[in-house]
Amino acid sequence: MAKKGSVGIIMGSSSDSRIMHSAAEILDQFNVSHEDQIISAHRTPSRLDTYAKHAEDYGFKVIIAGAGGAAHLPGMIASHTVIPVIGVPILVYNDKQVKKSNTSKFSAFGGLDSLLSISEMPTGSPVVTVGINKAANAAIYALKILANDNSTIRNKLKKHKFDQHSSVLKESDELKKLGLAKFVKKKFK
Ligand code: RP5
C-alpha cells in the first residue's frame with residue numbers, strides 16, 4: 001500500500017477545515033509530510049473503519065483528528081489503532097445549518113461538548129486532547145512525538161522554542177520603551 005505521510009490529519013466535516021488548516025501549516029513549516037482527509041464518524045462510519053485499519057500501512061506515525069459537537073472521530077480512530085491519536089475539539093461553525101435557519105454559528109455548549117467527548121475516553125483507549133480549536137498545538141505535539149527518533153525535527157523544535165522566547169523578549173522591550181498605555185494602543189487598537 002502506498003505511503004501517505006508521517007502524519008494523518010482528519011476532520012469530521014469541511015466546516016472543521018478552517019480550524020484544522022493550522023495543523024497543516026505547522027507541519028509544512030517543519031517539512032513534515034501529512035495527508036489530510038474529511039472522515040465523519042457519524043456520516044461515513046465505514047470510511048472511518050477502513051482508514052483506521054489501514055493507518056499503519058499508510059505510514060502514519062501520529063494521527064491528528066479534529067471534530068466538533070458529539071466528537072467521536074478521534075476516539076473511534078484510537079479504538080481501532082495503536083498509532084497515537086491527538087484530538088482537536090472544535091467549536092462548531094455549523095455553517096450548513098446557519099445558511100438554512102440563521103441560528104447560532106457555535107455549538108450549544110461552546111466547544112465543551114467536543115472537549116469532553118474527546119478527552120473522556122475509557123481507560124485503555126486514550127486520546128491526547130489539546131484545547132478547543134488548538135489545531136496548531138496538536139501539530140507541535142505530533143512533531144514532539146516524531147522528534148523522538150528524528151534529530152532534524154528535534155533541532156527544529158528547539159529553534160522554534162528559542163524563537164518564541166526571543167519574540168516575547170522583543171515585545172517586552174517594546175512595552176518597556178513605549179510604556180503600557182502606548183503599547184496597548186499600538187498593538188491592539
Ligand atoms: C462534527 O459535526 C464535525 O466535526 C463538525 O465539527 C460538526 C458540524 O458539522 P457540519 O454540520 O458543519 O458538517 O461531526
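User: How many residue pairs are in polar contact across the interface of domain 1 and domain 2?

Analyst: This is a predicted model, and across the interface of domain 1 and domain 2 the rule finds 2 residue pairs in polar contact, both at pLDDT 80 or more. For salt bridges across that interface, the rule finds 0.

User: Where do the two domains run, and how far apart do their C-alpha centres lie?

Analyst: The domain assignment of the protein chain gives 7-149 as domain 1 and 152-187 as domain 2, and their C-alpha centres lie 30 Å apart. The contact between them takes 9 residues from domain 1 and 6 residues from domain 2.

User: What area do domain 1 and domain 2 bury between them, and which residues of domain 1 supply 61% of its share?

Analyst: About 720 Å² is buried between the two domains, with 73% of it on carbon and sulfur atoms. On the side of domain 1, F30, I140 and A147 supply 61% of the area buried against domain 2, more than any other three residues.

User: Why is the pair K4 and E35 called a salt bridge?

Analyst: The term requires a side-chain nitrogen of Lys or Arg within 4 Å of a carboxyl oxygen of Asp or Glu. In the pair K4 and E35 the closest N and O atoms are 3.5 Å apart, so the pair meets the 4 Å cut-off and is called a salt bridge. K4 lies in the segment before strand 1 and E35 in strand 2, 31 residues apart, so that the pair links distant parts of the chain. The structure holds 5 salt bridges.

User: How do you know that strand 3 and strand 4 pair, and in which sense?

Analyst: Pairing needs at least two bridges between the strands; strand 3 (residues 62-68) and strand 4 (residues 85-90) have 6 bridges, in the parallel sense, and therefore they count as paired. Within this pairing, A65 stands opposite G87 in strand 4.

User: What makes strand 2 and strand 5 the edge strands of the sheet?

Analyst: The open sheet is formed by 5 strands in the order 2-1-3-4-5, with parallel pairing. Strand 2 (34-38) and strand 5 (128-129) each pair on one side only, and these are the edge strands.

Methods: Residues numbered from 1 in each chain as written. Predicted model: local features only at pLDDT ≥ 70, side-chain atom pairs only at ≥ 80, totals over all residues. Heavy atoms only, no water. Helix = DSSP H or I, 4+ residues; strand = E, 2+ residues; numbered from the N terminus. Domains from an automatic or database assignment. Contact = heavy atoms within 4.5 Å. Buried area = accessible area lost by both parts, 1.4 Å probe. Polar contact = N/O pair within 3.5 Å; in protein donor to acceptor, adjacent residues only side chain to side chain.
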